Amino acid sequence: MTWELSDELPELSDALSGHIETDAFLSEAIEDLKKVTALLDDTSITASERAEWAHIRSELVNELRRMVKRNPRSISN
C-alpha cells in the first residue's frame, strides 16, 4: 500500500507538501507519521500497542497542525 500525505491529512496536505523537502523538522514529522501509520496497519500488534501508536499518531498530527498555524507563511508559500 502506498502512503500519501493527502490521504492522511487532506486538510493540511496542500500547505505541507511543498515544504517537506526544505524543512527538516517537517520532513522528520512526516516520516514519523508514515512509520506510525504503517505500524497501525500491522495486524500482529496487540491492542495496547495499537492504542499507544494511535496516541502517538494523534500527537504527530496535532504537531503538524501547530506547525502550520505557527508559521503559515513559510509553510503555505
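Thr 37 is buried, with a relative accessible area of 7%. The cut-off for that word is under 20%. Keep in mind that this is a predicted model. Thr 37 sits in helix H3. What does its side chain lie beside? A polar atom of the Thr 37 side chain is 2.8 Å from the backbone oxygen of Leu 33.

Now step back to the whole chain. The chain has 77 residues, and 29% of them count as buried. Thr 37 is one of the buried residues. The chain holds five helices and zero strands. Along the sequence, the pattern reads α-α-α-α-α. Next, take the contacts in the chain with a separation of 6 or more. Of these, 56% join residues 24 or more positions apart.

Two packed helices are described by the angle between their axes and the distance between the axes. Helix H3 covers residues 24-41, and helix H4 covers residues 47-70. Their axes come within 9 Å. They cross at roughly 155°. Angles over 145 degrees count as roughly antiparallel. H3 and H4 are therefore roughly antiparallel to each other. The crossing of the two helices is left-handed.

Which residues meet where H3 and H4 touch? From H3 come Phe 25, Leu 26, Ala 29, Ile 30, Asp 32, Leu 33, Val 36, Thr 37, Leu 39 and Leu 40. From H4 come Arg 50, Trp 53, Ala 54, Ile 56, Arg 57, Leu 60, Val 61, Leu 64 and Met 67. By class, this contact has 15 nonpolar, one polar and three charged residues. Thr 37 is on the H3 side of the contact.

Finish on the H4 side, with Leu 60. This residue lies in helix H4. Is Leu 60 buried or exposed? Its relative accessibility is 15%, so Leu 60 counts as buried. Which residues does Leu 60 touch, not counting those up to four places away in sequence? They are Ala 29, Asp 32, Leu 33 and Val 36. Leu 60 and Ile 30 are 30 residues apart along the chain, and their C-alpha atoms are separated by 8.3 Å.

Definitions and conventions: Residues numbered from 1 in each chain as written. Predicted model: local features only at pLDDT ≥ 70, side-chain atom pairs only at ≥ 80, totals over all residues. Heavy atoms only, no water. Axes fitted to C-alpha atoms, helices over the stretch in contact; angles between N-to-C directions. Helix = DSSP H or I, 4+ residues; strand = E, 2+ residues; numbered from the N terminus. Parallel < 35°, antiparallel > 145°, perpendicular 65-115°, else oblique. Left-handed = near helix turned anticlockwise from the far one by under 90°. Contact = heavy atoms within 4.5 Å. Nonpolar A, V, L, I, M, F, W, Y, C, P; charged D, E, K, R; others polar. Buried < 20%, exposed > 50% of the residue type's maximum accessible area, 1.4 Å probe, protein only. Polar contact = N/O pair within 3.5 Å; in protein donor to acceptor, adjacent residues only side chain to side chain.
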